[in-house]
Structure formats: structure tokens, C-alpha cells
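Please read them with the structure open.

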Amino acid sequence: MRRKQKFCWDRLTLGVCYYPEHWSPDLWPDDLRRMKENGIETVRVAEFAWSIFEPEEGRFSFDLFDRFLDLAQQENMKVIFGTPTAVPPVWLTEKYPEVLNSRKDGVLFRHGMRRHYNYNSGTLHRLASRIVEKVAEHYGRRPCLVGWQIDNELNCEINEFYSESDHLEFRNFVMEKYKSLDRLNEAWGNVFWNQTLNSWDQVFLPRPTINDMANPHVMLDFKRFISESAIRFCKMQSDILARYVKEGDFITTNGMFGNLDNHKMMDTCLDIYTYDSYPNFAYGLSEKPGENRTLNDRKWSRHLTEVRSICPHFGIMEQQSGANGWNTRKGAPAPKPGQMMLWSMQSIMHGADYVSFFRWRTAVMGTEMYWHGILDYDNCDNRKLAEVKKIYKRVQAVQEVAGAGYEASFALVRDYDNIFDSEIDMWHGQVADSSETEIFAGAQLTHTPMDVVYMRKETDGKGLKNYKLLIYPHGEILSQETCRTLEEYVSQGGCLVIGARTGQKDGDGHCVMRRMPGILAALTQTAVEEFTFLGPDDAGTDMEWNGECVETGIFNDILTPAGPQAKVLAVYGSSYYAGKPALIETKAGKGRVLHFGGTFTRENVKAFFKYTEIMEPYSDIIQLPEECEIGVRKKDGKEYIFVLNYSKKPVEIVLKTAMTDMDLRETVEGKAVLEPYETKVYLKD
């Protein structure tokens with residue numbers, strides 16, 4: 001179920017990240033002038049500037065940013081202001097080491113990096129809330145301010161916390177959750193390996209063990225705890241900012257990182273969500289030779305799809321504009337001509353109505369001096385700046401897209417319990433990672449746009465009814481609420497596809513003593529009689545479906561019908577379970593459920609799309625090669641067709657009906673050639 005956002009951009013705009021504290025004030029006027037000349041209207045500032053505002057404890061200075069904001073105001077440049085909490089200053093960490101995060105063995109992470117603090121330090125909360133209050137009070141009414149960014153990339157760099165404050169707060173977290181030690185011991189399976197606790201004082205975060213193995217049920221609660229801690233820290237800042245934010249301004253933060261319920265953070269803390277998009281990571285030199293790179297930077301569309309599930313109309317706070325890399329990391333190539341436009345349009349196609357480049361000029365010192373911006377060290381105009389101007393012209397040409405919704409043919413179903421569990425449980429993680437990667441690849445290569453939807457307390461079947469197909473690949477942890485939502489969706493006419501290992505566990509992460517798919521069996525009318533990973537001798541295991549051999553992936557559940565509506569569609573074609581059911585369809589209400597015993601591959605995803613008749617929904621109006629991605633945003637009855645060529649070679653497309661080329665404002669039809677990395681936006685009335 002999609003929420004109403006508290007803020008939306010009413011037009012497409014471009015911005016850039018800027019650090020006035022890094023540069024001589026003599027450069028500021030020329031920088032702002034050149035930004036404006038090339039279509040940049042907004043700058044983000046201050047997210048790492050705590051020591052600028054509070055050089056010593058209790059002594060505050062606003063002079064540097066006062067001067068910069070005066071100039072920005074004079075130049076009609078809009079400003080997004082970052083709360084400067086991502087890097088507590090040296091005076092703070094030296095005087096109050098309890099604010100620091102630590103390794104699992106208790107050794108503190110010392111000053112010199114960033115995000116070295118822990119969320120649960122009372123001292124940090126006190127000092128961080130004070131600096132946020134001071135900055136918000138001082139700058140909140142500035143006319144040039146349009147928004148606030150909380151911190152910077154919560155849970156980036158590190159998303160595990162082991163400080164003394166975290167241990168103590170974790171104890172409070174589980175006391176509140178379980179109420180009694182008996183219930184805690186049951187939930188954590190502490191009877192196994194003599195882990196039974198006799199006192200709340202014996203509750204700790206995961207600590208070093210032999211082979212660094214940890215109780216999986218403790219780890220599941222650990223991840224939930226980290227998420228709650230990060231959200232509490234974010235909400236502390238959001239509540240302060242809300243007292244000072246002007247009418248029409250917004251509060252955001254830039255994500256999206258692990259061990260964090262980003263949906264809950266959006267709901268409880270933010271007006272709009274922003275993402276940092278760096279598609280060039282797909283070309284990183286750390287990749288193994290021969291690794292399959294067929295999707296390369298278009299893999300970032302998977303991340304953008306995920307962001308859209310959090311916030312349908314989002315912003316990009318950091319859009320890659322140069323080669324990325326630190327002095328401590330292997331580098332990646334610079335964006336080739338056309339790729340900045342490609343990646344910007346990739347973001348806009350998926351729902352971004354604001355795109356801000358990182359960064360204006362490459363830093364000449366520090367860890368990020370190889371994380372290149374629009375301008376290089378020499379500060380000269382270059383091809384990247386010229387490409388920004390082209391992006392601005394494109395944005396002006398497609399202005400009416402702002403606020404348009406993304407059109408998806410199906411949705412991948414996810415939830416945080418299963419995400420967290422798959423990061424702990426290697427069996428779960430192996431099948432989940434493989435299937436989700438391949439479902440995305442199958443959608444991309446068949447030009448079948450997808451959404452991601454999350455099973456949450458707020459999600460209901462009515463909110464899912466517009467999706468003709470839902471794929472819930474490996475919902476190992478199932479709740480009664482999730483089952484009810486899926487049953488409601490199917491009863492209304494929806495088609496649900498589930499994969500191997502569904503219903504294996506309960507909410508504590510325990511394997512349940514019943515046949516899979518567990519509590520979903522009443523809907524599927526199926527049972528799993530046996531299951532196995534595929535070994536080296538099992539290569540090529542498939543199922544016979546509609547006269548074809550279809551892959552069954554890396555894990556196979558051997559199914560059996562368990563109800564009058566269950567119909568076997570496919571059987572395994574090899575191995576010791578040849579002839580046993582691999583795919584069963586069950587009618588339920590107006591809809592149906594397909595219980596698939598395998599994991600998903602791009603080939604069997606294609607077969608599922610064909611069977612459910614959702615593949616290539618725009619094939620009647622446009623013909624595309626695999627190298628292209630299609631995305632459609634729709635508003636007021638108009639469809640805006642985005643076509644992106646990710647190839648370094650020209651490709652041919654065919655427009656089967658007349659459409660308007662929004663750059664040329666001309667009606668076009670028939671064959672067209674897209675140059676390397678070229679993008680197009682067509683209007684279909």
C-alpha cells in the first residue's frame with residue numbers, strides 16, 4: 001500500500017553538492033555563476049561541517065555559512081542544508097569517547113574516518129540535538145533554504161554497532177520486546193549449546209566467538225535493533241527541524257543502506273526520500289575477471305526500483321558525475337561521453353524529480369580526492385560540465401513528467417524480516433540473492449517494468465490489486481498478517497508466484513515443525529515432501545512445462561498437491577526426483593497461486609511472464625533490443641516512454657505507432673538509431 005508523501009517537487013530540477021568550507025571564498029561567486037549558467041538551481045551544503053559551527057564545545061560560529069548563504073541568496077540559488085552530525089568533531093570524540101562505535105571485541109573506532117559514532121550514546125544525543133537545534137534556529141527562516149538533509153547516509157560505511165551504549169540499549173530493547181526471560185530464551189533457542197540466560201544482565205549484543213559464529217536468532221534481533229536505533233537518531237533530528245522548517249520546505253535524508261527499515265524511517269521522520277546513485281560501481285576494477293557484466297550500470301535500476309517502493313516520487317541527492325574512488329579503494333573509469341545523461345535519465349525514469357550531482361569540484365585533499373566531481377582539480381570548463389548543460393536542456397524539454405507515476409507490470413515482494421534473515425542464514429541468502437538478481441535481469445531483458453512492494457503492517461491486498469502478478473520468491477519467514485494480505489490479493493483476482501523454501505520459519509527465525517509452505521498451505525493447497533540444493537552432478541536440472549525444458553535454479557523443493565484445486569503444471573525432468581511436481585497452480589477466489597519448487601533464473605522468469613501474459617507490455621508500440629531499458633511514467637492520461645541505450649554501440653529501435661519526440665517536439669514513427677548511451681523520451685497521448 002503506497003503512502004501519501006508529505007512533499008513532492010512540482011518541477012524537474014538539477015542541483016549539486018558543494019563544500020564552501022573546502023574552498024576560498026574568492027571562488028564562491030564564480031562557482032555559483034557557472035552553476036546557474038549550466039542549469040543548476042540548488043546546492044547541498046554543511047553535512048560534514050560540525051567543527052565549523054562548533055569549533056569548541058559550547059562555542060558556536062555561523063560566520064562562514066552566513067557569508068555563503070548571503071551570496072546564494074543574492075544569486076537566487078536555492079540551498080539544501082545538511083545537519084552536520086555525520087562526523088562528530090575531534091574535540092567531542094576525545095573528551096567523550098563513549099560516543100564512538102567499536103569493533104565486536106570492544107576496541108573503539110578512533111577519529112579519522114566518518115560515521116565513527118554510535119546511535120545510542122546519551123552524550124551524542126545531547127550534543128547532536130544541540131548542534132541541530134542551533135543550526136536550525138539560525139538558518140531555518142532563510143529565504144534561500146528549501147530543505148534539510150538529516151546527517152549523511154545513515155548506516156553507510158558500517159551498519160553494526162558494539163559500543164557499551166549499544167549493549168545497554170539492546171538489553172532494554174529485548175526487555176521491552178519479550179517481557180520475560182523465559183520468552184527471550186524460547187525466542188533465541190537458548191537451550192541449544194547451553195545458552196540459557198538467568199538474568200537480564202547476561203544479555204549482550206553478539207560478541208566474539210569461535211569461528212565468529214553467532215546465534216542466528218540473536219542476530220535477527222540485532223539487525224532489528226540497529227534499525228530502530230538509527231530511526232530513533234533520525235527522528236530526534238527530524239523533530240527538532242520540524243519546529244523551524246518553513247512552510248513548503250522539506251526534511252529528507254539520503255539512503256539507502258542495510259540493517260535499516262527505510263520505509264519506517266520515511267514514514268516516521270521524513271517528508272521525502274533521497275538516494276545517492278553511483279552506477280559506475282558496476283564497472284569497478286575490483287570485479288573478478290570474467291564476471292558476468294551483461295547488465296552493468298543498468299543494475300542501478302534495481303536500486304532505484306527499491307527506492308521507489310519507499311517513496312514513489314523521490315530525489316537523487318548524489319548523482320555520479322565523475323570517476324569514483326578513495327585513496328584507499330580501487331578506482332573505476334570516468335563516465336564516458338553520454339553516461340552522465342544516461343544515468344540522470346535512468347533516475348528520472350524511475351521516479352526522481354530532483355537530481356543533484358556529486359560534486360561540483362573534485363576535492364584536492366583528503367580521502368575523497370579521487371572521488372571526482374563535475375569539475376576537475378584545474379577548475380576549468382570540461383566535457384562533463386557541457387554534459388550537465390545538455391541534461392538541463394533535456395530536463396526542460398520533459399518538464400511535464402514531474403509528478404508522473406511509474407507504470408509497472410508486476411511486483412517483486414520483499415519484507416525486512418526475510419531481508420535480515422537472508423543476511424544471517426547462508427542457505428536463505430544464497431537462494432534469495434540468486435532469485436532476486438535473476439528476477440530483475442529477466443524483467444530488464446524482456447522489457448517488463450517492475451515494482452518492489454514490501455509486506456508491512458500497513459500493506460493490504462486492496463493496495464496490491466493493480467498488480468496482475470506478484471512474485472514472492474523465498475518468504476522463509478511468514479507471518480499471519482502477510483498470509484492474510486496475500487490471500488486477499490489472490491481472492492481479488494491477482495496471481496501470486498512463490499518459490500522454494502517458502503514458509504520454512506516463524507518470526508523468531510525458527511524452522512517450523514510442519515511441511516512447507518507452512519501457514520501459506522491453506523492458500524496454495526501444496527506441500528513440500530523433500531528439498532535439496534543442487535550439487536555439481538545436478539547441473540541442468542529442469543522441469544518439463546508445456547512441452548519445454550525450463551530451468552529450476554540452484555535449489556529444488558519436491559512438491560505434492562494437497563487440495564482439490566491444486567493442479568500440477570510441471571514436473572522435474574531429471575535427478576532422483578524426475579517426474580515429481582515442480583510447479584503447481586491453485587485457483588483461489590478470482591485469482592490463482594503458482595507454487596514453484598525452484599529458484600528463479602532469467603530464463604524461467606521469462607516463462608512465468610509468458611504464462612501470466614505480462615511480458616513486454618509495450619511491444620505493441622515499440623520494439624527494443626536487449627541493450628535498452630524501457631520505463632513509462634504516466635500522468636493525466638499521458639504516457640511518457642523512456643528508452644535508454646546502455647550499450648557502447650548504436651542500436652536500432654522501432655516505433656510502431658506515432659509518438660512525439662520530446663526533445664525535437666516532432667511526431668516520429670518507424671525505425672530509429674540510438675547512439676551509444678543515448679536516451680529518448682517519447683510522449684504517447
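1. Glu153 and Arg114 form a salt bridge, with their closest N and O atoms 3.4 Å apart. The term means a side-chain nitrogen of Lys or Arg within 4 Å of a carboxyl oxygen of Asp or Glu. Glu153 sits in the loop between β4 (145-149) and α6 (164-178), and Arg114 in the loop between α4 (90-95) and α5 (122-139), so the pair ties together parts 39 residues apart in sequence. Both Glu153 and Arg114 are buried. Buried means under 20% relative accessible area, exposed over 50%, and partly exposed in between (1.4 Å probe, protein chains only). Helices (H or I, at least four residues) and strands (E, at least two) are DSSP runs, numbered from the N terminus.

2. A word on the basis. This is a predicted model: local features need pLDDT of at least 70, side-chain atom pairs count only at pLDDT 80 or more, and totals for chains, interfaces and linings use all residues. Residues are numbered from 1 along each chain as its sequence is written, and side-chain values use heavy atoms, with hydrogens and water left out.

3. The whole structure holds 51 salt bridges. One of them joins the side chains of Glu75 and Lys36 (3.1 Å, N to O). That pair links distant parts of the chain, 39 residues apart: Glu75 is in the loop between α3 (63-74) and β3 (78-82), Lys36 in helix α1 (residues 28-37). Lys36 is partly exposed, at 37% relative accessibility.

4. Arg59 and Glu56 also form a salt bridge, their closest N and O atoms being 3.6 Å apart. Arg59 is partly exposed, with a relative accessible area of 42%. Glu56 is partly exposed too, at 45%. Elsewhere, a network of salt bridges links Asp30, Arg33, Arg34, Glu37 and Asp381.

5. What should helix α12 (residues 383-397) span? At 1.5 Å a residue, its 15 residues should span 21 Å, and its end C-alpha atoms are 21 Å apart, which agrees. The expected span is 1.5 Å times one less than the number of residues. The buried residues of α12 are Lys384, Leu385, Glu387, Val388, Ile391, Arg394, Val395 and Ala397. They pack against β1 (13-17), β2 (40-45), α11 (339-349), β9 (352-358) and β27 (679-684). At the start of α12, a side-chain oxygen of Asn382 reaches to within 3.1 Å of the backbone nitrogen of Lys384.

6. Helix α10 (residues 300-310) is mostly covered, with nine of its 11 residues buried. Among them are Trp300, Leu304, Glu306 and Arg308.

7. Thr601 lies in the loop between β21 (591-596) and α18 (602-612). Thr601 is buried, with a relative accessible area of 13%. Beyond its neighbours within four places in sequence, Thr601 is in contact (heavy atoms within 4.5 Å) with Glu438, Glu551 and Gly553. Its side chain makes a polar contact with the side chain of Glu551 (2.6 Å). A polar contact is a pair of N or O atoms within 3.5 Å; within protein, one must be able to donate a hydrogen and the other to accept it, and residues adjacent in sequence count only if both atoms are side-chain atoms.

8. Met213, in the loop between α7 (181-187) and α8 (216-242), is partly exposed at 46% relative accessible area.
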